[in-house]
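Here is a friendly walk through one protein model, written for someone who would like to look along while reading. Please keep the structure open beside the text.

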Amino acid sequence: MSQAAAAVAGSEESAPPKSSWTGKQMIVLLVIGTAALMVSLTQSLLVPVMSELGVDLNASSDGIAWLLTSTLLVGAVAVPAFGRLGDLYGTKLMVLISLSALIAGSLVCALSDSLAPMIVGRAIVGLSVATVPLSISLVGVVLPREHSGAGIALISAMLGVGGALGLPLSGVIAEYTDYHVLFWICVVGGILVIPGIVALVPNPPRAGKGRMDIIGTVLLGAAMLSLLLPLAQGSKWGWSDPLTVGLLVAAAVLLVVFVLVQLKLKSPLVDVRTTARPALLLTNIASLFVGFALFATLIGTATYVQMPEVTGYGFGKSILVGGLCMLPGGIIMLLLSPVSAKLAPRTALIVGSLIIALGFASRIFLTDSLVEVIVGATIAGAGTGIAYAAMPGLISHATPLSELAAANGLNALFRSVGSSLASAIGGAVLAAKTMDLGGHALPTLGAYQLLFGLCAGAAVLAAGLALLIPKHSATADAALPE
């Protein structure tokens with residue numbers, strides 16, 4: 001805020017306090033937050049029911065894995081593309097389009113009883129992944145400045161909240177009813193949210209100029225496919241397999257070509273020069289490490305709890321109990337997002353990352369009871385909520401308003417890459433150190449402890465990167481909506 005504006009504000013003694021929320025503002029935030037939650041749920045909803053899906057669809061584990069992989073791959077392309085389209089043609093419009101993809105894809109899955117159409121449906125759902133970063137940008141524009149920070153923090157935290165709540169919800173469904181209900185929940189949720197956004201959420205002016213960069217979209221999409229596909233399938237193909245190595249090399253080459261092309265365009269998909277500024281670059285890399293820790297929380301808690309007691313560390317609990325162990329972490333993520341909004345974004349990212357590290361460090365040593373596992377996972381969840389809520393604030397302070405949706409989309413993409421790395425590395429770690437029980441290879445306690453140590457290390461790296469982020473950037477005041 002300029003000094004003149006501050007002086008005017010200070011002189012308006014009789015004006016109503018700006019800190020109070022109006023009913024309409026709260027409803028707008030609730031509607032957009034629910035939309036973000038519905039989409040983030042889809043990323044973990046199927047994990048506990050994968051074995052049931054394999055039996056019901058008469059499909060191999062490789063085939064069933066494509067229900068997750070197809071969403072991941074399409075989402076990796078949709079997030080940056082929809083972000084740029086939001087800057088050019090309206091963020092609200094793109095939120096509605098991405099939510100429509102959630103409804104359409106989930107409906108296809110809900111009506112499917114075979115693998116192929118269900119994979120198609122999940123691929124369509126992948127388009128909806130762009131909803132969360134688009135919603136972050138939308139909230140930052142439609143809410144007044146004094147409330148936008150809290151709103152952005154809440155929407156950003158939904159990425160973690162949805163992942164944590166998806167597991168217990170899926171566990172309940174798996175325990176008491178048919179898995180198709182999961183898809184119907186997404187269909188109904190999307191149908192309920194869209195009219196609210198149309199009727200209640202203002203349509204902000206278009207901030208971006210230029211045209212859509214088709215060449216850049218294709219190049220970045222190809223690079224992300226080449227990177228994420230081997231990360232998702234490498235444990236099955238083999239990490240030294242020519243296909244795995246070839247795709248990873250192709251990803252590196254395509255990313256270099258993408259950067260060179262973006263530097264030459266007047267209206268690029270990603271403004272590489274802006275993205276390369278320390279404030280943005282360090283935030284995005286830190287986001288990758290936090291995304292790594294979040295996904296490892298999911299795979300390192302529910303499955304850990306379900307391991308048989310004869311392993312020496314597991315508790316032999318059901319899918320439902322394994323999911324419920326994640327519930328406190330999801331709730332505390334939601335509750336702590338306003339706390340993050342009250343801190344400087346850089347400080348919040350440092351604090352959140354260190355809390356994540358503390359949570360995972362405790363998981364290495366506290367293994368004797370279910371309560372200890374839940375406490376460790378909840379601490380890590382609390383840190384994740386604070387760290388996730390901090391990132392859009394750092395992005396907004398370093399990005400011109402005309403590129404805000406695209407920048408939030410790129411940040412979400414870094415988080416997604418971090419989660420994919422966690423899946424690949426975590427899966428490799430758990431597969432490398434196993435014990436034989438009744439002819440089944442199960443991870444040892446040491447494997448899980450190594451995974452938790454890697455997560456703690458990733459969180460410490462995120463905190464270290466956050467320390468290097470400049471406290472102020474040249475575009476900070478210009479980037480924020482008035």
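This is a predicted model: local features need pLDDT of at least 70, side-chain atom pairs count only at pLDDT 80 or more; totals for chains, interfaces and linings use all residues.

Residues are numbered from 1 along each chain as its sequence is written, and side-chain values use heavy atoms, with hydrogens and water left out.

**Helix packing**

Let us begin with the helices. Helices (H or I, at least four residues) and strands (E, at least two) are DSSP runs, numbered from the N terminus. Two packed helices are described by the angle between their axes and the distance between the axes. Axes here are lines fitted to C-alpha atoms, for helices over the stretch in contact, and angles run from 0 to 180 degrees between N-to-C directions.

How do H4 and H19 pack? Helix H4 spans residues 61–89 and helix H19 residues 404–432; they pack at an angle of about 165°, with axes 6 Å apart. H4 and H19 are therefore roughly antiparallel to each other. On the scale used, angles under 35 degrees count as roughly parallel, over 145 as roughly antiparallel, 65 to 115 as roughly perpendicular and the rest as oblique. The crossing of H4 and H19 is left-handed, a term for a near helix turned anticlockwise from the far one by less than a right angle (clockwise would be right-handed).

Next, look at helix H17 (residues 345–365) and helix H18 (residues 370–398), whose axes come within 7 Å and cross at roughly 160°. H17 and H18 are therefore roughly antiparallel to each other, and their crossing is left-handed.

**A nonpolar patch**

On the surface, Val245, Val249, Val253 and Val257 form a nonpolar patch with about 290 Å² of accessible area together. Patches are made of residues with over 30% relative accessible area and no salt bridge, joining like charges within 9 Å and nonpolar side chains (Val, Leu, Ile, Met, Phe, Trp, Tyr) within 5 Å. A salt bridge is a side-chain nitrogen of Lys or Arg within 4 Å of a carboxyl oxygen of Asp or Glu. Areas come from the Shrake-Rupley method with a 1.4 Å probe, and for residues only the protein chains shown count as cover.

Val253 is partly exposed, at 46% relative accessible area. Buried means under 20% relative accessible area, exposed over 50%, and partly exposed in between (1.4 Å probe, protein chains only).

Most residues other than glycine have a negative phi. Asn58, although not a glycine, has a positive phi of about 55°. Asn58 is in the loop between helix H3 (50–56) and H4, and counts as exposed at 72% relative accessibility.

**Pairs of residues along the chain**

The table gives C-alpha separations.

| Pair | Along the chain | C-alpha separation |
|---|---|---|
| Ala432 and Gly210 | 222 residues | 50 Å |
| Ala459 and Gly210 | 249 residues | 38 Å |
| Gly329 and Leu72 | 257 residues | 23 Å |
| Ala456 and Val201 | 255 residues | 39 Å |

Where do some of these residues sit? Ala432 is in helix H19 and is exposed, with a relative accessible area of 63%. Gly329 belongs to helix H16, residues 327–342, and is buried at 5% relative accessibility. Helix H20 (residues 445–468) holds Ala459, which is buried at 2%. Ala456 is also placed in helix H20, and at 11% relative accessibility Ala456 counts as buried.
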